[in-house]
Amino acid sequence: MSIFGTVQVKDGKYKIKGDFHHITPNQPIRNADEGWRLVGVTNPREIIHIHTYGGEAPFFENLGKGKIYATRCDNPDCEFKGTIYLPFRIHCADCLSKNTVIDLTDVCKTTARIHSFMICERSGAFNTLEKPIKFINVEFDGVDTILMSYLQIGNPAIGDKVVPIFRTVNPTYTIQDLSWVVEGVPESDLPEGFTYG
Ligand SMILES: [Zn+2]
């Protein structure tokens, strides 16, 4: 029986369990112009990438808990001490020292506005978002960067307030656990699996 490949870290080592390789039958490649003679075979390959978040792990861990973590440069020698980064940056872009991790959930819930947006009628491969995709750039009071995300409910307009929603039911531990809606949407109307945190 096949089970999903899973990974744990124990005693400082990666421990992998389950199936990371699957046997998939070859398929013949034939030439339709030459009497369907055999030309070759497909060799199916599947890759499971063990992706480490490193210092960004607190950001992804907390989205599923309804929290948005950001970082701040607290280096007294930095010309731009106090810079707040969201998206989460492990190191300050100006002085390269390690930033302090901060909980920015309340700021995000009360001050988020659409800085700019774009609406995409088409998507790339493996798209799981509903089309058209309403990508928004979100700005926050006191935050020095702008967060790229997408609006699930409502129509985007520059300057409009938006509110974060979180995939707190069965989180994916990816950026897809965070999305936004316009103000005033009842929690019962949020997409399946999402809450206000
Ligand atoms: Zn700095």
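# A first look at the fold

Welcome to this predicted model. Among contacts in the protein chain between residues at least 6 apart in sequence, 47% link residues at least 24 apart. The notes below go from the overall outline to the sheets, the core and a hairpin.

**Overall outline**

- The radius of gyration of the protein chain is 22 Å, whereas a compact globule of 197 residues would have one near 16 Å.
- Taken along the principal axes, the box filled by the C-alpha atoms is roughly 70 × 45 × 35 Å.
- Of the 197 residues in the protein chain, 20% are buried.

- Strands β8 and β9 run antiparallel and are joined by seven bridges; here Cys 120 stands opposite Ile 133 in β9.
- On its other pairing, β9 meets β10 in the antiparallel sense over five bridges, and the bridge partner of Asn 137 is Met 148 in β10.
- Strand β11 (residues 162–167) is joined to strand β12 (residues 178–182) by five bridges, and the two run antiparallel.
- To find this pair in the structure, look for Val 163, whose bridge partner in β12 is Val 181.
- As a general point, strands of a sheet pair through backbone hydrogen bonds, either parallel or antiparallel.

**Two faces of β9**

- The covered face of β9 holds Lys 134, Ile 136 and Val 138.
- The uncovered face of β9 holds Ile 133, Phe 135, Asn 137 and Glu 139.
- Ile 136 and Val 138, from the covered face, are also among the residues with the most contacts inside the largest nonpolar core.

**The nonpolar core**

- The largest nonpolar core has 26 residues, and those with the most contacts inside it are Ala 70, Leu 86, Ile 136, Val 138, Val 162 and Trp 180.
- At least two residues of this core come from each of α1 (57–63), β5 (69–72), β9 (133–139), β10 (147–153), β11 and β12.

- Two bridges join β5 to β6, and Thr 71 has Tyr 85 in β6 as its bridge partner.

**The hairpin of β1 and β2**

- Strand β1 (residues 6–10) pairs with β2 in the antiparallel sense over five bridges, with Lys 10 opposite Lys 13 in β2.
- Two residues lie between the strands of this hairpin, where Asp 11 takes a positive phi near 55°.
- Strand β2 (residues 13–17) lies largely in the open, because the number of buried residues among its five is zero.

Technical notes: Residues are numbered from 1 along each chain as its sequence is written. This is a predicted model: local features need pLDDT of at least 70, side-chain atom pairs count only at pLDDT 80 or more; totals for chains, interfaces and linings use all residues. The radius of gyration is taken over C-alpha atoms; the globule rule is 2.2 Å times the number of residues to the power 0.38. A residue is buried if 20 or more other C-beta atoms lie within 10 Å of its own, exposed if 12 or fewer, and partly exposed in between; C-beta atoms are placed from the backbone. Two residues are in contact if their C-beta atoms, placed from the backbone, lie within 7 Å. Two strands pair if DSSP finds at least two bridges between them. Helices (H or I, at least four residues) and strands (E, at least two) are DSSP runs, numbered from the N terminus. A nonpolar core is a set of buried Ala, Val, Leu, Ile, Met, Phe, Trp, Tyr and Cys residues joined through C-beta atoms within 7 Å.
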